[in-house]
Amino acid sequence: MLEKILSMIHRHRGYIETGKILFIALLALLALFVSIYVLWESPWTGFRFIYVFIPHLYLIPIVLLALWYPKSGLRLLGVILLSIVAFWIFSDIFGYQFSIAFVMLYTGLDLATIMVLLLYVKDRRLVEAVISDLIERGGRNKDEKVSKFGGDFDAIITALGSGDEHEREDAVEALSELSDPRIVLPLIRTLTDESPFVRRMAVEALGKTGSLKAVQPLMRALADDDRYVREAAAESLGRLGEVAIPDLVRGVQEKDWRIRVGSLIALRVSSGVIPTLDPILERLYDESPYVRREAVKTLGRIGNSLIVPYIIQATKDQDAGVRIRAITALGKIGEREEVIPVISRCMNDPNSAVRVRAREELEKLRGESN
């Protein structure tokens, strides 16, 4: 029964999208009409509580718009802020005197703003994961995985050139499901797509190919403007394993700090064998604190007791983030007798977060000895 319902939803998806927009518009209009009535005609006109009541009406369509269309996060934020200013001006014209800060603090619009920003910076696929999975996959058999393109390579390539971002996303996902060496080059070309969501999917798909051709494009993706594309590229390079190691070792010395950071992350999660830790050790003295942080974290994952003196030195780094990671690394790769005095010294660090981390690590080390 559930499969039939989901199949019907999938077939009528276009109508559902239109219905969602109409539903949001209806709620917005309803809020507008109620606002006009309360401000002009109702017995409560002039009462202070309307300042709280009216803006709350608009939260419902705003929240639905943010949940259903999270990629429009910045535009939604602009709409919210403009709505606040418009409400302030409108009320002032009709004699309702109050501070705009009052509305922000007591109506919950500030919470809506935060929510929209969070939805924007997060992967919208996290928000839609359950629903999308049900709609897109509910009608499929458990033992087979067939996209709407039916595995037609030419149809998928055509869809990659679509003006519809969702269509391009579907195409990239369809390519990732194919066991065909031809998918590598189209995925590489997709790394220049205007949509960060499409680029991210292409990066993830390339990491699954195991192809040497994917290494250099993924290295370039480490400098992508979108943070999540960069993170996905680092993970994909690590997933490629041995074939990416030479480029990653060179990558830790690139001029762009983002490539250095991504290369260090990829080396940390890679299944390949790193011939020497020297390039990573050099990054402990990098000009960028972000690079130094990742270098310490990587050494804590793949290093050994021979590099403990370098990590001890990192506990004196000017950046608190580096010091915190150095304490954690010492707890993983150092001998108790050697690292406990160092971590004890960190208990007097001027930064409270460093002191807290040192205390936690000391408690763990002393607990292991009992």
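Which side chain does the side chain of R283 make a polar contact with? Read on through the close-ups to find out. This is a predicted model, so to speak a computed one: local features need pLDDT of at least 70, side-chain atom pairs count only at pLDDT 80 or more, and totals for chains, interfaces and linings use all residues. Residues are numbered from 1 along each chain as its sequence is written, and side-chain values use heavy atoms, with hydrogens and water left out.

**View 1. The whole protein is built with 21 helices and zero strands.** Helices (H or I, at least four residues) and strands (E, at least two) are DSSP runs, numbered from the N terminus. Of the 370 residues, 45% count as buried; buried means under 20% relative accessible area, exposed over 50%, and partly exposed in between (1.4 Å probe, protein chains only).

**View 2. R283 sits in the loop between α16 (278-282) and α17 (289-302).** Here is the partner from the opening: the side chain of R283 makes a polar contact with the side chain of D286, at 2.6 Å. A polar contact is a pair of N or O atoms within 3.5 Å; within protein, one must be able to donate a hydrogen and the other to accept it, and residues adjacent in sequence count only if both atoms are side-chain atoms. R283 counts as buried because its relative accessible area is 15%. Leaving aside neighbours within four places in sequence, R283 is in contact (heavy atoms within 4.5 Å) with residues including V252, R260 and A295.

**View 3. R260 belongs to helix α15 (residues 257-269).** With a relative accessible area of 4%, R260 is buried too. A polar atom of its side chain lies 2.8 Å from the backbone oxygen of K255. Among the residues R260 touches, not counting those up to four places away in sequence, are R283, D286 and V291.

**View 4. The largest nonpolar core has 74 residues.** Such a core is a set of buried Ala, Val, Leu, Ile, Met, Phe, Trp, Tyr and Cys residues joined through side-chain atoms within 4.5 Å. L206 is one of those with the most contacts inside this core, and the residues L206 touches beyond four places in sequence include V184, L187 and L240.

**View 5. K332 is found in helix α19 (residues 320-333).** K332 counts as exposed because its relative accessibility is 55%. K332 and G300 are 32 residues apart in sequence, and 6.4 Å apart in space, C-alpha to C-alpha.
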